[in-house]
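Hi,

Here is the structure I promised to pass on. Have a look at it first, and my notes follow below.

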Amino acid sequence: MKPKFTEEIQELLSQSINWAKLEVEYLKLTAAEKLIILVSMMVIGIVVLILLLPAFLMFLFALAQVFIGFMPVAVAYVCVGGIVLVLLGILVILRKQLVINPVAKFISKVLLDNPRNKTRISKK
C-alpha cells in the first residue's frame, strides 16, 4: 500500500483517464467497423441493381417476343408494360414487408449489435 492517500487518488485518476482513452478508441473502431459494413452493403446493392436492370430489360423484351407470337406487336408490348406496372404496384403495396422491414432489420442489427456483451466473461 502507498503511504499517502493523495498518491492513491492520483493513480486512480490516471488509470481512469487511461481507461477513458481506451474506451474512446474502442468507440472509434466500432463506429468505423459499422460504417464500413453499411457502406459496403450499399455499394453491393448498387452494383447488383446496375447489373440486374439490363438483365430484367432483356427478360421483358424476350417476354414481349413470346407474346408477339400470338398477338399484335403493339398489344404484346402493352401487355409487358402492364405486367411491369402490376409488379410495381405489388412492390408499392407490400413495400413495408419487402423493403422497409429488411432494411430496418439490417441497419438495427449492424448499429445496435454490441459484440462486447458477447465476448465478455462474467466475473463472479
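**What I found**

The side chain of Thr30 comes to 2.8 Å from the backbone oxygen of Tyr26, a polar contact (a pair of N or O atoms within 3.5 Å; within protein, one must be able to donate a hydrogen and the other to accept it, and residues adjacent in sequence count only if both atoms are side-chain atoms). Thr30 sits in helix α1, and it counts as buried because its relative accessibility is 14%. Here buried means under 20% relative accessible area, exposed over 50%, and partly exposed in between, with a 1.4 Å probe and protein chains only.

Before going further, a word on the source: this is a predicted model, in which local features need pLDDT of at least 70, side-chain atom pairs count only at pLDDT 80 or more, and totals for chains, interfaces and linings use all residues. Residues are numbered from 1 along each chain as its sequence is written, and side-chain values use heavy atoms, with hydrogens and water left out.

Overall, the protein has four helices and zero strands, giving the pattern α-α-α-α along the sequence. Helices (H or I, at least four residues) and strands (E, at least two) are DSSP runs, numbered from the N terminus. Of the 124 residues in the protein, 7% are buried.

How far apart are the end C-alpha atoms of α1? They are 93 Å apart, which agrees with the 94 Å that its 64 residues should span at 1.5 Å a residue; the expected span is 1.5 Å times one less than the number of residues. The buried residues of α1 are Thr30, Lys34, Leu38, Leu60, Ala64 and Phe67, and their cover includes α2 and α3.

Leu60, Ala64 and Phe67 turn up again, with Ala76 and Val80, in the five-residue largest nonpolar core. Such a core is a set of buried Ala, Val, Leu, Ile, Met, Phe, Trp, Tyr and Cys residues joined through side-chain atoms within 4.5 Å. Both α1 (5–68) and α2 (73–93) supply at least two of its residues, with α1 giving the most, three. Ala64 touches Ala76, Tyr77 and Val80, leaving out residues up to four places away in sequence; contact means heavy atoms within 4.5 Å.

Lastly, Lys96 lies in helix α3 (residues 95–112). Lys96 counts as exposed because its relative accessibility is 52%. Beyond its neighbours within four places in sequence, Lys96 is in contact with Asn101 and Pro102.

Best wishes
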